[in-house]
Amino acid sequence: MKHLFFSLFLLLFCLQAQAQQPDMPEIQPNPMADSLATAALSDEEDDESVFNDPVWDEAIADGGISFKVFGRYARDNEHYRDLAERFERADTTLIWSDFLILYYGYAYRDEYTGGYGGTRSVWNALIKEKRHADAYDAVTSSLKNAPATPYYLADALNLAYQLERPAEEIHNLEWRMYVLLDCIYALGDGTREHPWPIINVSDEYTLMYNYLGVQQVKGQTLINTDDGITCDRMEIEPVDNDYFTGSEVWFDVDFPFPMMVSPQHWANKLTGKENVKRNEEVKKEKKRRGEEN
């Protein structure tokens, strides 16, 4: 029964994922990625504060990475808003765990949808109507609600180039996008053994096109690994550069995968609402069986 459910869910997920696949972006892999994305981290390394990151230490205390730690900090609304405001300013005093809270922690917030909300269709429709300024306003408005979303930032950056926005504004968008991609990149190597964890399927394409230098995605397969991880295996035109070498890229899609059928899935897991609901259902079932007997 479990395998049947997975097969049906796999079909639905693949259809949704294909719908999210963007056209080939106009931005090409940016050689400024190292200077832009790692600026915040390298600046911190100079004064060794990158080694003094208690949130990161807490997340890796048991040997792996506990994303729930980032979720717990992200659910502190005041703390998250403060990080988001600093991130929007491209504040280079932000440290490693701040970016992880902004990106992975967001999956544990109530507003997280897994990227299935259809927001992108709003500015895509405006772009088709050649209303690029309105499209730019739409995507930047969405960034207020989901500030650490790489594919939003990639879309905003494309439009900023087309609209010839001020250089400082473009640099801000570049920095924000690449620093997030840098964080995702640092947590894996794109193999089956170490897939890159993402919270939105569209972020896969942003990482591939704008960071890894991928020119074409040939196919996509959703796979449930022996380790219980749900992965996207992306077949690509072979790439060989400083960032990636290979003909397939693996992504861990455990975050967005359940969101189509279980809204607030990760928020509920963190707050215990899911356990409370399950316990109530068990009690009702026990009561029903008792009445039948």
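Two residues are in contact when heavy atoms of each lie within 4.5 Å. On that basis, M177, Y178, L181, D182, I184 and Y185 in helix α11 meet T206, L207, N210, Y211 and L212 in helix α12. The structure described here is a predicted model. Its chain has 293 residues, 48% of which are buried. The secondary structure comes to 14 helices and four strands.

**The chain as a whole**

- The chain exposes about 15100 Å², and carbon and sulfur atoms supply 49% of that area.
- Of the contacts between residues at least 6 apart in sequence, 66% join residues at least 24 apart.

**How helix pairs are described**

- Two packed helices are described by two values, the angle between their axes and the distance between the axes.

**Helices α11 and α12**

- Helix α12 spans residues 201–212, and its axis comes within 11 Å of the axis of α11.
- The two axes cross at roughly 105 degrees, which makes α11 roughly perpendicular to α12, because angles of 65 to 115 degrees count as roughly perpendicular.
- By class, the contact of α11 with α12 has eight nonpolar, two polar and one charged residues.
- D182 of α11 is among the residues that meet α12, and Asp counts as charged.

**Helices α7 and α11**

- Helix α7 covers residues 96–103 and helix α11 covers residues 167–186.
- They pack at an angle of about 95 degrees, with their axes 10 Å apart.
- The helices α7 and α11 are therefore roughly perpendicular to each other.
- From α7, the residues W96, F99, L100 and Y103 take part in the contact; from α11, the residues are W175, V179, L180, C183, I184 and A186.
- This contact of α7 with α11 has ten nonpolar residues, no polar residues and no charged residues.
- I184 of α11 meets α7, and I184 also takes part in the contact with α12.

**Helices α6 and α7**

- Helix α6 is made of residues 77–88, and its axis comes within 10 Å of the axis of α7.
- The crossing angle is roughly 110 degrees, and that makes α6 roughly perpendicular to α7.
- H79, Y80, L83, A84, R86 and F87 on the α6 side meet D98, F99, I101 and L102 on the α7 side.
- Sorted by class, the contact of α6 with α7 has seven nonpolar, one polar and two charged residues.
- F99 of α7 meets α6, and F99 is also in the contact with α11.

**The sheet**

- Four strands form an open sheet with mixed pairing, and their order is β1-β4-β3-β2.
- β1 (196–197) and β2 (217–224) stand at the edges with a single partner strand each, so one side of each is left without a neighbour in the sheet.
- Strand β4 (residues 245–252) runs parallel to β1, and two bridges join them.
- P197 has D252 in β4 as its bridge partner.
- Strand β3 (residues 230–240) pairs with β2 in the antiparallel sense over seven bridges.
- T230 in β3 is the bridge partner of N224, and R233 in β3 is the bridge partner of T221.
- β3 and β4 also run antiparallel, joined by seven bridges.
- V239 has G246 in β4 as its bridge partner.

**The hairpins**

- β2 and β3 form a hairpin with five residues between them.
- In the turn of that hairpin, G228 has a positive phi of about 85 degrees.
- Another hairpin joins β3 to β4 through four residues.

**Two buried residues**

- G115 is found in the loop between α7 and α8 (120–128).
- G115 has a relative accessible area of 16% and is buried, because buried means under 20%.
- G115 and S202 are 87 residues apart along the chain, and their C-alpha atoms are separated by 7.5 Å.
- I223 is found in strand β2, and at 15% relative accessibility I223 counts as buried.
- From I223 to R192 the C-alpha distance is 9.9 Å, with the two residues 31 apart in sequence.

Methods: Residues numbered from 1 in each chain as written. Predicted model: local features only at pLDDT ≥ 70, side-chain atom pairs only at ≥ 80, totals over all residues. Heavy atoms only, no water. Axes fitted to C-alpha atoms, helices over the stretch in contact; angles between N-to-C directions. Parallel < 35°, antiparallel > 145°, perpendicular 65-115°, else oblique. Buried < 20%, exposed > 50% of the residue type's maximum accessible area, 1.4 Å probe, protein only. Areas by Shrake-Rupley, 256 points an atom, 1.4 Å probe, with all protein chains shown as cover. Pairing = 2+ DSSP bridges.
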